[in-house]
Amino acid sequence: MGKSNCYHCGDECGSEAVVYEAKDFCCNGCQLVYSLLKENELDGFYSLKENPRLSLKDAKEGSAFDYLDDETVSQKLLDFCEGNTARLTLKIPQIHCHSCIWLLEKLDRLDEHISSSRVNFLKKELTISYNPNERKLSEVIRLLASLGYEPSISLSDGDEKPREHGIEKKEWFRLGLTFFCFGNIMLLSFPEYVSKGFSIEGTLSGTFGYLSLALSLPILFYGGIDYLRSAFIALKNRGINIDVPISLGIICLFTVSTYEILTGTGAGYLDSLAGLIFFLLLGKIFQRKTFHRLSFERDYKAYFPLSVTTVSNGKAQSIPLAKLEVGQRVLVRNSELIPADALLIKGQADIDYSFVTGESDPVHKELGELLYAGGRQHGGAIEIEIQKPPSQSYLTSLWNDQAFDKERENGLDRISNAVSKWFTLVVIAIAISAFGYWTYQGKTEVGLHAFTSVLIIACPCALALAIPFTMGNILRIFGKHKFYLKDIGVIEQLSRISSIVFDKTGTLTNAQKASVHFEGEALSEEEKLLVKSLLEQSGHPLSRLVSEQLSVDGKIIPVDNFQELTGKGIEGLVDGQNLRIGKASFVDKGLKSHTNETTVHLAINGIYRGHFTVSNHYRQGISEALEQLGHSYTLSLLSGDGDAEKPRLEALMGQQADLHFSQSPHDKLQKIREKKASGEATMMLGDGLNDAGALKESNVGVAVSDNVAHFTPASDAILEASQLPKLEHFLKFSHLGVKLVYVSFGLSFLYNLVGLFFAVRGDLSPVVSAILMPLSSISVALFAMLSTNLLGNQWLPSTTEKGNARR
Amino acid sequence: MSIILLLIGISLMVALIFLGAFIWSVRSGQYDDDYTPSVRILLDDEPPKPKDTKLNNQP
């Protein structure tokens, strides 16, 4: 009998295939989904081109969702609940292909009390409306989980989302209204532009003027109000930002136009005013590129589960984490997180602290020992007694550090504020001297006109657009290359980096992979199969790693007398042969174990055969990348692991590199702080919660992740691990980007000079202004887009992979 | 020439209708997700009959 694949998820079925309606399934979960879909005539799902391939082997027990029925929890999760409709939005990271949309939007056919379900594919969100009187929240979630789409629910959900959404919509409203007014004012002003040859009847041009004035009111008081407000606040604090000269221009444009229209002396500059604000709003929207499915603000709360299973009097009960109290007993199953510092009461604990310390090997704990929050249990279920509330545990105390409170200074604002300050002073000086000159000549009226004209034409619209368009476009280019920045301010920070700090596990190395090689007498194919069969029985991470790397053909053989001795190794009879795999002392008494590398020894029928060496798997292209970076930046390493890999890392990072091992999360934060104090601009690359402090403290904290949809600690940027070798290019590009901003500044000054030439002579006409102002705005925006695209192609040539097509 | 005043009034009204349509479309969430609808439209409303499409249906 050959290998069979699961009809539902496509995984290999292994020895325990479940056969149902002449189809093979890898587990009962998959078979249940199939029968559920079939029952509801949704089995067309299997004829879709893309098979979602969600295995249900790791599905949680049904009772794990009971905590959701707790009033405080469900209140937080529901968007809306009234009468017999409730609506909630869930994050489902498993959404990955179009068939997922197909299935998830047909939930109403699986459960009559669900009225509708909508998927947002890019955000990986599902919005469900259901009847809360008939269905409990936990039942809805259980249905999703039983299909393989278990939503990721975390404590920090539902806090920030709706507000940001509102802001975004408001900006679209602003833009829409401004565009409407802008278009109509342009239409009404058009006769003025060509009026040289025609004569417009007096009443008509008067009406046009009043209409334009009416249309400009919403622009000023709705579209542009933010600029006036921001300028007012800046002046109140005795500072000048870019909005001050802009507001000066806006106010000047409006008052002069109103005066001219009301007195019938001219047509005013309302078209320029409308154009100006329209372009400014456009720039504002352009620079805001949000990567919806990413979150840059997650803290430990997002990482911890929402619920824990408490045990009292032998009864298990699921309660929200927030209600967990000191002294309670908690059940922690395989691969669940320890929610708070606690004592081990019952069971065999092998705790993987990789998220806390970066150390990847699990630590064995005896009964009565203290377990720290954030560790992940491997093996069977354990019972623990809580010692400290979740918010005060060893790990979470990192978040009490002041590094998490301070707001970072935005370098781009600093540049533009410095420029605006000089700009404003110079413009006012020119305006006053022009006025003075004409008054001296005895032509006060021309002087007044020159004065206002200078303020109007010098309005730094193009200046204000240089940063949003240049940086906004760089943000998009980076995003295409899977380097996602929090906002445009990060680009400026990137350009000033002088020192780069790496974390080891998960950043330079791939935590999920390891290089395994066997030392000793080579194993035959049959022997490999025996070894793999035994290893398959064990849940120990080392067994899994070795087993994955051991490629053999053939079916796994059942094991007799299987024994797993914690902290020692595994033993069993496979095909009549006795196999022992594990620590040196367990396999062969006379052997000494290696200290430097992780080794797994093997004996068959009591004869020692050799050992597997498991070493870190460095990411592809990392050595070339480190070598290049070493030329222009100081490199250092802060690893939570022991120094077993030191020689290798020294070779990779160069002799000058600063290597630190066995660093606690607090040590890492401290090291970054020291670097900062010595005047270095640091960039930290890390992946786990243990780097969270260092990421926050550094000038630019970059979270490296194999799958950006998964958990990443709070950071300024998220980099997909495969793009790590391009790091130098990203840095160079941001350097050039900041230079481009200065070039754009220069370009807009050039336009201002031309405008000022007309203005000081006192013959700025509305037509010149209406041409010059949009022209300068558009050309600066175009220049920014084209130059960044050009440089982007040079430094980050787009790869032909599917990434672009999929967005 | 005063007919122009009437025309201007009408053109403003038309533009206002479009502005209203824009505001409605933003408010009703049409810009929240600009990707999923493009996929949704390609999915069949009713699943195709199992017999026609499945190859390994018969035991």
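Me: What is a cavity, and how many of 30 Å³ or more are there here?

Reply: On a 1 Å grid over the protein atoms alone, a cavity is a set of points where a 1.4 Å probe fits but cannot get out. Points are joined across faces, edges and corners, and a volume is the space filled by probe spheres set on them. This is a predicted model, where local features need pLDDT of at least 70, side-chain atom pairs count only at pLDDT 80 or more, and totals for chains, interfaces and linings use all residues. Residues are numbered from 1 along each chain as written, chains are lettered from A and ligands numbered from 1 in written order, and side-chain values use heavy atoms, without hydrogens or water. Here there are four cavities of 30 Å³ or more.

Me: Which helices line the largest cavity?

Reply: Helices (H or I, at least four residues) and strands (E, at least two) are DSSP runs, numbered from the N terminus. Helix 15 (461–480), helix 25 (727–760) and helix 26 (766–795) of chain A each give at least two lining residues. A lining residue has an atom within 4 Å of a point. Among them are A:Cys461, A:Tyr751 and A:Met773. The space is about 110 Å³.

Me: How do the lining residues of the largest cavity divide?

Reply: Ala, Val, Leu, Ile, Met, Phe, Trp, Tyr, Cys and Pro count as nonpolar, Asp, Glu, Lys and Arg as charged, and the others, Gly among them, as polar. This lining has nine nonpolar, three polar and no charged residues.

Me: How long is helix 25 of chain A?

Reply: The expected span is 1.5 Å times one less than the number of residues. Helix 25 of chain A has 34 residues and reaches 49 Å from first C-alpha to last, close to the expected 50 Å. Just after this helix, A:Gly762 has a positive phi of about 80°.

Me: What does helix 25 of chain A lie across?

Reply: Contact means heavy atoms within 4.5 Å. Axes are lines fitted to C-alpha atoms, for helices over the stretch in contact, and angles run from 0 to 180 degrees between N-to-C directions. Helix 25 lies across strands 16, 17, 26 and 28 of chain A, at about 145° to strand 26.

Me: What is the strand order in the open sheet?

Reply: Two strands pair if DSSP finds at least two bridges between them. The order is 16-28-27-26-17-24-25 in chain A, with mixed pairing. Strands 16 and 25 are the edges, each pairing on one side only. Strands 17 and 26 run parallel, joined by four bridges. There, A:Val501 stands opposite A:Met684.

Definitions and conventions
1 Å grid on protein atoms, 1.4 Å probe; cavity = no way out; pocket = protein on both sides within 12 Å on 5 of 7 lines; lining within 4 Å.
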